[in-house]
Amino acid sequence: QVQVLESGGGSVQAGGSLNLSCTTSGDTLKRTFVGWFRQAPGKEREGVAAIGTRGGNPYYSDSMNGRFTLSLDNAKNTVYLQMNDLKPEDTAMYSCAASPDWLYIGTWSNQNMYNAWGQGTQVTVSS
């Protein structure tokens, strides 16, 4: 069993920054990869970024245009998503998820590869 807990959401003005946290616990073998997803009102959930818990280069959605950065603190079992230069179109519910599999460029953004999800944290960006 894996537990996923997100935090760090909030309301900011355009151009601002937020740092989201995703802490996982439980069976280590079942949280090999951690991904961030977001869902805006009326839109489908999309992958934002993901990283392997044993290190390696993170993956990012091209649509983030280099504004978001993932980092990993294994001592705290936490993945951080630093979001800079936020735009109103970044407004969404951001969710973190854990996968038991090592994912690659073609699979990291597939929601079906993740089997443990957090409740989400809301990010609202005003213009």
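A disulfide is a pair of cysteine sulfur atoms within 2.5 Å. With that cut-off in hand, let's work through some exercises.

This is a predicted model, in which local features need pLDDT of at least 70, side-chain atom pairs count only at pLDDT 80 or more, and totals for chains, interfaces and linings use all residues. Residues are numbered from 1 along each chain as its sequence is written, and side-chain values use heavy atoms, with hydrogens and water left out.

**Exercise 1. The disulfide**

Find how many disulfides the structure holds, and describe the geometry and setting of Cys22 and Cys96.

Solution. 
- Step 1: Searching the whole structure gives one disulfide.
- Step 2: Cys22 is joined to Cys96, with an S to S distance of 1.8 Å.
- Step 3: The S-S torsion is about -80 degrees, so this disulfide is left-handed.
- Step 4: Cys22 belongs to strand 3 (residues 18-26) and Cys96 to strand 9; the two are 74 residues apart, and the pair links distant parts of the chain.
- Step 5: For accessibility, buried means under 20% relative accessible area, exposed over 50%, and partly exposed in between (1.4 Å probe, protein chains only). Both Cys22 and Cys96 are buried.

**Exercise 2. Aromatic pairs**

Describe how the rings of Phe33 and Trp102 are arranged, then do likewise for Tyr59 and Trp108.

Solution. 
- Step 1: A pair of aromatic rings is described by the distance of the centres and the angle of the planes. Here, rings of Phe, Tyr and Trp (its six-membered ring) pair if their centres lie within 6.5 Å; planes under 30 degrees apart are stacked, over 60 edge-to-face, and the rest tilted.
- Step 2: The whole structure contains six aromatic pairs. One of them, Phe33 with Trp102, is edge-to-face, with 5.1 Å between centres and 90 degrees between planes.
- Step 3: That pair links distant parts of the chain, 69 residues apart: Phe33 is in strand 4 (residues 33-39), and Trp102 is in the loop between strand 9 (92-99) and strand 10 (116-117).
- Step 4: Phe33 has a relative accessible area of 1% and is buried, whereas Trp102, at 29%, is partly exposed.
- Step 5: Tyr59 and Trp108 have ring centres 6.4 Å apart and planes at 10 degrees, so they are stacked. This pair also links distant parts of the chain: Tyr59 sits in strand 6 (residues 59-60) and Trp108 in the loop between strand 9 and strand 10, 49 residues apart.
- Step 6: Trp108 is buried, at 6% relative accessibility.
- Step 7: Put together, Phe33, Tyr59, Trp102 and Trp108 make one aromatic cluster.

**Exercise 3. A loop tyrosine and a charge over a ring**

Where does Tyr114 lie, and over the face of which residue does Arg45 lie?

Solution. 
- Step 1: Tyr114 is in the loop between strand 9 and strand 10, and is buried at 5% relative accessibility.
- Step 2: From Tyr114 to Phe33 the C-alpha distance is 8.4 Å, although they are 81 residues apart in sequence.
- Step 3: A charge sits over a ring if NZ of Lys or CZ of Arg is within 6 Å of the ring centre and within 35 degrees of the ring normal. Arg45 lies over the face of Trp117, 3.9 Å from the ring centre.

**Exercise 4. Positive phi**

Locate Asn65 and Asp85, and give the phi of each.

Solution. 
- Step 1: Asn65, which is not a glycine, has a positive phi near 50 degrees. Asn65 is in the loop between strand 6 and strand 7 (68-73) and is exposed, with 63% relative accessible area.
- Step 2: Asp85, not a glycine either, has a positive phi of about 50 degrees. Asp85 is in the loop between strand 8 (78-83) and strand 9 and is partly exposed at 37% relative accessibility.

Note on methods
Helices (H or I, at least four residues) and strands (E, at least two) are DSSP runs, numbered from the N terminus.
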